Amino acid sequence: MALLPEFDPADVGAGRGLIDRLTADAAALQRDVLTEILRRNSHTEYLRGFLDRVPPGASAADLREAFKERVPVSEYEDIKPYVRRIASGEPSSILCSEPITHLLTSSGTSGGQLKLFPSTAEKLDQRLFYNGVQALLRKMHLHPDQGDRRGKGMYLIQFREHDIGGFGRCTSPIEAVLCPDGRQSMYCQLLCGLLDRGVVDHVGGTFANAFIRGIQFLEDNWEEMCSNIRTGRLSDWIAHAPLRDAVAARHLRGPDPALADEIASECARKPWDGIVRRLWPGARYILAIVTGSMSQYIPVLESYGAGLPLVSPMYVCTECAAGINLNPLDLPSAVSYALLPNIAYFEFAEVTHGDDEKVQASTGLYDNLGKLKLVDLVDVKIGRRYELVVTTFAGLYRYRVGDLLTVSGFYNATPLFRFTGRCGVILKLREYKRGGSPEGHFTSIRAAS
């Protein structure tokens, strides 16, 4: 089975077979992933120091065993010198064989530190595959009766998420997604969502707090947006030329006083309970990550949605796109994620916790030599809590992500996890300030390959 098999996200029958094969073959896929990562990257400067004693022509099994025996678990400080050298123009081959095209910034939740992580063209292919699987699951569970008659998503997209791959029709024009000015981007994404309100069948954003910031931004700016719709003229302060041209030419097509009046009548009603359902009456659900630290935003989403289901589709981290919700209609309290075994190589360090703020290392976490003990994806145990460790094609080797995952069950041979916190840190979530610019844009730094 190819690591990234081709499939049609609209073909539910074939898609079920794909998911069953991925989850049933988890152990073999994990071996194949690690073998391929080592085949490509064992001669990089980073890995060579640990694997230089592996004889040429060693078998794949011997190479995997040497990796587990000799390559240490790493943290950001271990890879930071390599990332800085690549950002300064040194070749990508010091860290991975594939050209590093970008350095992605993390969201800053890891102890409050912004970090840079390597990204390659192949990582984009993995993200497209991952998004395709998500689209397949939404088709299976949320739109089984739609056929080819799909509505649009009023989905507020962040800059780094623009590689959606065409798997979902979105009201946000790509020029708004790529606009470097966060305020102009948010304004136009919401304006276009209002213009397309009659064909919207779901709303959302990647994370619950980002979508809520968008609705709060709308509350501060709906009168100006209604004026734009009523007159057919975009506000002068939208100055980013590609964005202005796209919205004016493709979305804001002449005055529409009737639509402006409809929107204004809903927005003028206070309080804003049920505003999402009232502005987008055809919406079936709110699509946003609402698990883990995002669960605190569930009451606000429920107030805005007035009964709309909350669909938490995925588990993601900057290091890799990893987990999917196989049952999108599960209540937020019951959501678990399956880590796709063909995306990266996953290992786990079991932990115990003393309280909700700090995770304590289990006394059995280290061996007699003081080395962190890890277990493979298929060897985790139901009910136990683990810290995630990833090895990727893009230059992360046995990297401690810091996310804590609790095993809730299995689907075929693949474990299901609930995100339950961060290791040793308290997440400090950014707040939206009324009247200010919305946060949430991410930039990337182009590096030499």
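Let's start with helix H1, which covers residues 12-24: its 13 residues reach 18 Å from the first C-alpha to the last, close to the 18 Å expected at 1.5 Å a residue. Please keep in mind that this is a predicted model. The protein as a whole has 449 residues, of which 52% count as buried, and its secondary structure comes to 13 helices and 16 strands.

**Helix H1**

- Gly15, Leu18, Ile19, Leu22 and Thr23 are the buried residues of H1.
- Seen down the helix axis, the buried residues of H1 fall within an arc of 120 degrees, so they line one face of the helix.
- Where H1 starts, Asp11 places a side-chain oxygen within 3.4 Å of the backbone nitrogen of Gly13.

**The largest nonpolar core**

- This core has 124 residues, and Trp280, Tyr315, Phe346 and Phe348 are those with the most contacts inside it.
- Helix H9 (residues 208-231) gives the most to the core, with ten residues.
- Domain 1 (12-124 + 318-422) and domain 2 (148-317) each supply at least three residues to this core.
- Leaving aside residues up to four places away in sequence, Trp280 touches Met154, Gly193, Leu194, Arg197, Val200, Val203, Ile215 and Leu218.

**Contacts across the chain**

- Among contacts in the protein with a separation of 6 or more, 70% are between residues 24 or more positions apart.

Conventions:
Residues numbered from 1 in each chain as written. Predicted model: local features only at pLDDT ≥ 70, side-chain atom pairs only at ≥ 80, totals over all residues. Heavy atoms only, no water. Helix = DSSP H or I, 4+ residues; strand = E, 2+ residues; numbered from the N terminus. Expected span 1.5 Å × (residues − 1). Buried < 20%, exposed > 50% of the residue type's maximum accessible area, 1.4 Å probe, protein only. Arc of directions from axis to C-beta. Polar contact = N/O pair within 3.5 Å; in protein donor to acceptor, adjacent residues only side chain to side chain. Core = buried A, V, L, I, M, F, W, Y, C linked by side-chain atoms within 4.5 Å. Domains from an automatic or database assignment. Contact = heavy atoms within 4.5 Å.
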